[in-house]
Amino acid sequence: MRTDVIKRLAAANPVPHDGPLHLPEPVRMRVSARPLVTVAVAAAALAGGGVAIAAGVGAFAAPLHQATLVVSPNALTGPDGTALSTCGLIGARADKVTAVLDSRGITIQWRFMHWGTVTAATGNGSPTAITGGRSDAVNSVPADSIVWDIVPDTTTPNSAFVFAEAPNDPTAPTLSTVNCGG
Amino acid sequence: MAQRFEQIYAEHREAVRAYVRRRAPEAMVDDVVSETFLACLRKIDRVPSEPLPWLYGVARKTLANERRKRARAAQGQFLPVFGEPEPVNDGVLAAAFNALSERDREVLRLVAWEGLSLADAATVLGCSGVACRVRYHRAKSRLASRLAAAASFQPEPKEVTR
């Protein structure tokens, strides 16, 4: 069972490994009667507490709850050397952002976000934040996608990573541009 | 010395890049990989004969520094921990995996995703081989327990206001 867990995790690798994996072999232990009895008793005791266990499981299996994403604005620089704040573009549709950045001569590198399914306390008095999720490099995104962050590409002049998400993604956090002063 | 660095870079660049991509968003990957190999160049006389676990360890610390920088930039406000890719094509596994501590997740990733032995994983984590073995088996048990529990529980969907 536990080795299966590692195999299952290996199969879910977001960046698949090149070549075969050599997973550690499980240590085989002699099973005596006493631990078996202990396990049986524990299982019987847990069966009565099924509701409480299920509620606890919900803490990690449930969808997001009130997670808020506060975006820090960035300044993009185009070929003309003028700076463009990303504040007005956060939360906008992808087609609008495309038009604005194209007009400034800024090349877009799209990243489409798949938000994680889990929230966790972050400290700083924040109730929740999102853990997990991934962004995929894509050539384009649907026009009605929502842009949630824009980051200048520091290695390529006049280029920016634009992060978008599906317009009605139920796992997406609430966007906040409070750092823009708005 | 420069020759050795070039050899290490050529042999391990893709592995280090894949390591970072499994833990950070694409926008961060190039920076972290560059900083990792910059540290390698600076400390080339201290790089062990089998450099990959050492490189992973440097990349791990570089990523941690990057996360701390982001936390400072957030100035005490909500900070999304969005940068960590989760297991793909298996939502139940992703939820159970993400519920583990970072310590547990990392040792499992090193074995299942990087394919490291526990001895090499210990080098990355900066702990003894015995400590790494214990950490690995406990993390695996916790993941198995969460998966077993999740299999019998279906949460109700709940919408988030955007």
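Modeller: What follows takes some labels in turn and sets each against its cut-off. Bear in mind that this is a predicted model.

Biologist: Then start with confidence. How do you know where chain A can be trusted?

Modeller: By pLDDT, which runs from 0 to 100. Chain A averages 68, and 56% of the residues score at least 70. Confidence is highest in helix α4 (residues 94-103) of chain A, at 94. Helix α3 (residues 50-61) of chain A is lowest, at a mean of 26.

Biologist: Which stretches of chain A stay under 50?

Modeller: Residues 26-65 of chain A are one such stretch, and the model gives them 35 contacts beyond four places in sequence. Residues 122-127 of chain A are another, with 10 such contacts. Where pLDDT is low, the predicted coordinates should not be read in detail.

Biologist: On to the strands. What makes β6(A) and β7(A) a pair?

Modeller: Bridges. Two strands pair if DSSP finds at least two between them. β6(A) and β7(A) have 6, in the antiparallel sense, so they count as paired. In one of these strands, β7(A), Phe163(A) is the bridge partner of Asp149(A). The two strands form a hairpin with 6 residues between them.

Biologist: Is β6(A) mostly buried or exposed?

Modeller: Mostly covered. Of its 7 residues, 5 are buried.

Biologist: Why is Asn158(A) called partly exposed?

Modeller: Count the neighbours. Asn158(A) has 16 other C-beta atoms within 10 Å. Buried takes 20 or more and exposed takes 12 or fewer, so a count in between is partly exposed. Therefore Asn158(A) is partly exposed.

Biologist: And why is Asn89(B) called exposed?

Modeller: Asn89(B) has 10 other C-beta atoms within 10 Å. The limit for exposed is 12 or fewer, so Asn89(B) is exposed. The residue sits in the loop between α3 (51-73) and α4 (91-98) of chain B. Asn89(B) is not a glycine, yet has a positive phi of about 65 degrees.

Biologist: What is the make-up of chain B?

Modeller: Chain B has 7 helices and 0 strands. Buried residues make up 40% of its 162 residues. Among contacts in chain B between residues at least 6 apart in sequence, 62% join residues at least 24 apart.

Biologist: How do you know that α2(B) has close to its expected span?

Modeller: Helix α2 (residues 26-42) of chain B has 17 residues.

Biologist: How does α1(B) pack against α2(B)?

Modeller: At an angle of about 145 degrees, with the axes 10 Å apart. The crossing is right-handed. Residues of α1(B) in the meeting include Phe5(B), Ile8(B) and Tyr9(B), while those of α2(B) include Val29(B), Phe37(B) and Leu41(B).

Biologist: What makes Tyr9(B) partly exposed?

Modeller: Tyr9(B) has 15 C-beta neighbours inside 10 Å. That lies between the limits of 12 and 20, so Tyr9(B) counts as partly exposed. Tyr9(B) and Leu41(B) are 32 residues apart in sequence and 9.5 Å apart in space, C-alpha to C-alpha.

Key
Residues are numbered from 1 along each chain as its sequence is written. Chains are lettered from A and ligands numbered from 1 in the order in which they are written. This is a predicted model: local features need pLDDT of at least 70, side-chain atom pairs count only at pLDDT 80 or more; totals for chains, interfaces and linings use all residues. Helices (H or I, at least four residues) and strands (E, at least two) are DSSP runs, numbered from the N terminus. pLDDT is the predictor's confidence in each residue, from 0 to 100. Two residues are in contact if their C-beta atoms, placed from the backbone, lie within 7 Å. The expected span of a helix is 1.5 Å times one less than its number of residues. Axes are lines fitted to C-alpha atoms, for helices over the stretch in contact, and angles run from 0 to 180 degrees between N-to-C directions. A crossing is left-handed if the near helix is turned anticlockwise from the far one by less than a right angle, and right-handed if clockwise.
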